[in-house]
Amino acid sequence: MFRKLQCVVALLLGASVLSIPAAAHHSFAAQYDRSKAITLKGTVTKLEWMNPHIYFYIDVKEGAHVVNWSIEGGAPSMLYRNGWRTDSLKVGDQVTVDGWLAKDGSNLANMRTVTLTDGKTVFGASSGGDTR
Amino acid sequence: MTRALLNLALIAMFAQVPTKNPPNLAGTWRNQYTPNLADALGKEPPYTAYGAERWRTVDTAKDPTGFCLPPGPSRIFTSPFPFILMQQGDMVSFLFEYQTLWRAVYMDGRPHPADIADYSDFMGHSIGKWEGETLVVDTVGMNDRSWLDTAGHEHSPKLHLTERIRKISADKLEWTATFEDPVFFTKPWSITRTFTRFDDSKDRIMPYTCTENNRDVDHLKPNQPNLNYKYEPEKE
């Protein structure tokens, strides 16, 4: 029951993040496909807390293989104001990323939310606030 | 008749007198993110046929800020990052978190440089004055390499931007931007946004060096969302 509640809270937080605009750097739809939602579970291998948008990388098991995915988030200042810190994600953390796939077919997604194994949702601040 | 003329002359004289004690607009402010100016206007701007065709065919993968080029003097006020407004002597300046850019507004009565069109730039050249309690900023000299918003509204080097900023409460500024550009628009049009005081006792202006790690450029794909747009010139 508690886990279910945590999931609901995570979903609500995720939904609230959608209303937080984050990018302005460029059009969301020029890079990502809003119709292609994806959920990725994996292990954090690297975090780039840099402008214009943060990137982090996760190893995802796909059958017998492990594939390294790139995940893009918002600008560091935007994430900071939404509660992220540079140690919010650490190498080795197990995470679930909900987001949207890149249009170019590469192993890249724009995050909507990131959920840690303890159920804590880290704010996404994706660039999904602008869908054009 | 003579009295009316005298009154007009007095009004004209008064209009030239600078505001002695201009309001204090200084501080750190959070602006109102507006990725599409048409949403603020309530409709598409009054395009010329050329402007409408540019809007219809715009490819948002070519957004200049996606390549870390400066956003231009008005788009930076509609981007979701705070800025500092400074008032010092004959200068008002804006220090922006976004791309670590600044704008200087000369308040000493000087005109724009006569050769500004030969030295146009992304952020343009700004001069300002006080009209009562309102700061009026006049900007020209912008090149056509910036866009007016993320949606892809563009402009020509003939863009003339007039901004009016006034305090509407202790913690709010009203910003009205008027866009005149005979190449893209048949007449001037304006949008109004609100800036809210940014609590820098709990937060701070943070770094934004856009070229630090701009991985996005390698993944941009052509995106033309307006190809079905039908141009209907505004009736006078």
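1. Confidence. This is a predicted model, and the scores that come with it are an ipTM of 0.86 and a pTM of 0.87. For chain B the average pLDDT is 93, and 92% of the residues score at least 70.

2. The contact between the chains. Chain B contributes 29 residues to the contact and chain A contributes 28 residues. On the side of chain B that touches chain A, the residues divide into 12 nonpolar, 10 polar and seven charged.

3. Layout of chain A. Chain A holds two helices and six strands, and read from the N terminus on, the order of its elements is α-β-β-β-α-β-β-β. Of its 132 residues, 45% count as buried. Among the contacts in chain A with a separation of 6 or more, 62% are made by residues 24 or more positions apart.

4. Strand S5 of chain A. How many of the nine residues of S5(A) are buried? Eight of them are, so this strand, residues 108–116, is largely enclosed by the rest of the structure. S5(A) pairs in the parallel sense with strand S3 (residues 65–72) of chain A over three bridges, and within that pairing A:Ala109 in S5(A) stands opposite A:Ile71. With strand S4 (residues 94–102) of chain A the pairing is antiparallel and runs over seven bridges, and here A:Val114 in S5(A) has A:Val97 opposite. Strand S6 (residues 121–122) of chain A is joined to S5(A) by two bridges, again in an antiparallel arrangement, with A:Thr121 in S6(A) as the bridge partner of A:Thr115.

5. Hairpins around S5(A). The hairpin of S4(A) and S5(A) has five residues between the strands, and in it A:Gly105 takes a positive phi near 80°. The hairpin formed by S5(A) and S6(A) has four residues between its strands, and A:Gly119 in that turn has a positive phi of about 90°.

6. The nonpolar core. In soluble globular proteins, nonpolar side chains tend to be buried together. The largest nonpolar core in this model has 65 residues, and those with the most contacts inside it are A:Ile58, A:Ile71, A:Val97 and A:Ala109. Once neighbours within four places in sequence are left aside, the residues in contact with A:Ile58 include A:Leu40, A:Val44, A:Trp69 and A:Val95, together with A:Ile71 and A:Val97.

7. A:Ser35 and A:Leu101 are 66 residues apart along the chain, and their C-alpha atoms are separated by 8.6 Å.

8. The barrel of chain B. Nine strands of chain B form a closed barrel in the order S1-S2-S3-S4-S5-S6-S7-S8-S9, with mixed pairing, and the twist averages 30° from one strand to the next. Strand S1 (residues 27–30) and strand S9 (residues 189–197) of chain B run antiparallel and are joined by two bridges. In that pairing B:Thr196 in S9(B) stands opposite B:Arg30, and B:Arg197 in S9(B) is the bridge partner of B:Trp29. S9(B) also pairs with strand S8 (residues 172–180) of chain B, in the antiparallel sense over eight bridges, where B:Thr178 is partnered by B:Ser190.

9. Backbone angles to look at in chain B. Most residues other than glycine have a negative phi, and most peptide bonds are trans. B:Cys68, in the loop between helix H3 (49–57) and strand S2 (83–88) of chain B, has a positive phi near 70°, and with 18 other C-beta atoms within 10 Å B:Cys68 is partly exposed. B:Gln99 has a positive phi of about 60° and is found in the loop between strand S3 (91–96) and strand S4 (102–106) of chain B. B:Gln99 is buried, since 22 other C-beta atoms lie within 10 Å.

Note on methods. Residues numbered from 1 in each chain as written. Chains lettered and ligands numbered in written order. Contact = placed C-beta atoms within 7 Å. Nonpolar A, V, L, I, M, F, W, Y, C, P; charged D, E, K, R; others polar. Buried ≥ 20, exposed ≤ 12 C-beta atoms within 10 Å, placed from the backbone. Pairing = 2+ DSSP bridges. Axes fitted to C-alpha atoms, helices over the stretch in contact; angles between N-to-C directions. Core = buried A, V, L, I, M, F, W, Y, C linked by C-beta atoms within 7 Å. pLDDT = per-residue confidence, 0-100.
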